[in-house]
Amino acid sequence: MTPPPDQKRDTGKTLAPNLPDYERARAAFSWQQAREELAGMPDGKLNIAYEALDRHLDTPTADRTAIRFLPREGPPVDISYRELAERSNRFANLLQELGLQPGDGVYCLAHRIPDLYAAALGTLKHGCVFTPLFSAFGPEPIRSRVEIGEPVAIVTTERLYRRKLAEWILETPSVRHVLLIGDVADAPDGTLDADQAMTRQSADYATRPMNPEDRALLHFTSGTTGKPKGAIHVHEAVVAHHITGKHALDLPPEDIYWCTADPGWVTGTSYGIISPLTNGTTMVVDEEEFDAERWYRILQDQRVTVWYTAPTAIRMLMKYGPELARQHDLSRLRFLSSVGEPLNPESVHWGRHTLGLPFHDNWWQTETGGIMIANFTSMPIKPGSMGRPVPGVEAAVVRHTNEGIELINDPAETGELVLKTPWPSMFRGYLHEDERYRKCFIGDWYLTGDLARCDEDGYLWFIGRADDVIKSSGHLIGPFEVESVLMEHPSVAEAGVIGIPDEVAGETVKAFVSLKPGFEPGENLMKEILGLARKRLGPAVAPRQVEFRDRLPSTRSGKIMRRLLRARELGLPEGDTSTLEGGKE
Ligand code: AMP
């Protein structure tokens, strides 16, 4: 195990982490106390946007940069907390003028431009329910989500409207308003130039006090399995967004924080909009998509101190080798973290060697609304482990029995990861799917659908989605452990592992790998990779076959879609592919 790194803040000073003593913080923690860190509103009401913006306006934070926007081209644009509050007020006033009522759905289909953030916060201020959609979605996934959620308004850009919505959205019964943000040259019939309309609105708006249990956000899950589900979150969730950002991402106000997740994914909302703002930090928002050189330049030029990214991005940076990283001054970085997929030990080590700091993995889901398990600054990292539960959250590993579930105490045994209910950001339902929601719980426990192991120190180790786990000759094999070993081979950029039916073993392991630049697929390389896997994993667990692919199917949030690899391999129906990166192939 590695000792925690020095905590260098942007000032160059060494400061104590927000959570200096995990055990003590855990023992002393209460959600009530966490709530008291926020302002709240009279009579026990609250509003996410009030905590993100309004409550800072009487403090020096008001003039601090909330968003440092990096347009595709041209210099950065700084937007202060006050300016963002005013812009979101104008948006809330516009919704009011258009007759939207609290509880009405507002969807947003836009790439990362400042008014996406103003629209999200203005929607919450007005008590409407915000749903972000990936701007890269094609018309079909947008349409299916609109049909499920029946929004009253859609916020988008002129370009996206023309390309993806124009042909059908105006006939959709629920949608009464299409609001165009960003530069609008010529608002088509049936749409409103919201950019211009906002300039006529007042910059003052009295944020609506909401009941903590009022709906605030509707997030569609990323669809690594089955059909998309709409997970409902409430205003109370802000308590978890705030405190987990502080504890697990170690966000203090003086940080320059960059969450690379798009707000179309839950991470990009919880930790790409809400948490950094409630914590008073400056967040970098890059309009552009991944580009290794651009990313290193951003880390350097914007003096990013806290960076929250995803394993897929880390693997892409690894593909480019260490030289590119070393050409940049990354000395301001003090905390690196990752979410969304298992973080291979190789990536943790790479961070340490190449960027000077290890990556801290953390785990959560759309349904949990916020980080549940994390490697904290003050704890030694165990590479390959998701870490320990955040203060306020109890996690356990269970086996299913005829009577229900039973806690597993054996650190060697794998079971389903469960979380003790409730916590503030827990989803409150799947839209229109009560039965599906109920099935997620047994007694006090929420069933995550992930398999894990809990070691003697209380660290949790991800094994796989229950659906992805391979059963071979009586062994339960998590794709992640196999993929991690494959990734150790210098040629392997990405690996995805599935089970394929086998008469004798039940299933055998098959691996798909994509190679780093400069490596060519071939018999010899395949043998080398298989040899490494056999040596490290043993013949029962190692893949029998390796197939090379230019790239592996992954979701837009960066998760390898093993379900799809398997369906394609076995000629099964592909199911929902709306979140597939690059669209349907
Ligand atoms: P989503 O709801 O789309 O964010 O997906 C949640 C799922 O992503 C989890 O149930 C896990 O299967 C996976 N996941 C998220 N974070 C991690 C992590 N740190 N390690 C392993 N799997 C993760």
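Q: Why is S491 called buried?
A: Buried means under 20% relative accessible area, exposed means over 50%, and partly exposed lies in between (1.4 Å probe, protein chains only). The relative accessible area of S491 is 0%, and because this value is under 20%, S491 counts as buried. This is a predicted model, in which local features need pLDDT of at least 70 and side-chain atom pairs count only at pLDDT 80 or more, while totals for chains, interfaces and linings use all residues. Residues are numbered from 1 along each chain as its sequence is written, and side-chain values use heavy atoms, with hydrogens and water left out.

Q: What makes the pair S491 and H489 a polar contact?
A: A polar contact is a pair of N or O atoms within 3.5 Å; within protein, one must be able to donate a hydrogen and the other to accept it, and residues adjacent in sequence count only if both atoms are side-chain atoms. The side chains of S491 and H489 are joined at 2.9 Å, a distance that is within the 3.5 Å limit.

Q: Which residues does S491 touch, not counting those up to four places away in sequence?
A: With contact taken as heavy atoms within 4.5 Å, S491 touches S514, L515, K516, F519, L525 and I529.

Q: How do you know whether H241 is buried or exposed?
A: The relative accessibility of H241 is 2%, and therefore H241 counts as buried. H241 sits in helix α9 (residues 237–248), where helices (H or I, at least four residues) and strands (E, at least two) are DSSP runs numbered from the N terminus. Among the residues that H241 touches are L217, Y271 and S425.

Q: How are D115 and R87 classed by accessibility?
A: D115 has a relative accessible area of 9% and is therefore buried, whereas R87, at 21%, counts as partly exposed.

Q: Which salt bridges does K382 form with D455 and D457?
A: K382 pairs with D455, the closest N and O atoms being 2.7 Å apart. D455 lies in the loop between β22 (445–454) and β23 (460–465) and K382 in the loop between β15 (373–374) and β16 (388–389), so this pair ties together parts 73 residues apart in sequence. The side chains of D457 and K382 also meet in a salt bridge, at 2.7 Å from N to O. K382 is buried, with a relative accessible area of 11%, while D457, at 37%, is partly exposed.

Q: How do you know which domains the protein has, and what salt bridge joins them?
A: The bounds come from an automatic or database domain assignment, which gives domain 1 (22–454) and domain 2 (470–570). The contact between them takes 20 residues from domain 1 and 19 residues from domain 2. Across this interface the rule finds one salt bridge: R315 pairs with E494, and the closest N and O atoms are 3.3 Å apart.

Key
A salt bridge is a side-chain nitrogen of Lys or Arg within 4 Å of a carboxyl oxygen of Asp or Glu.
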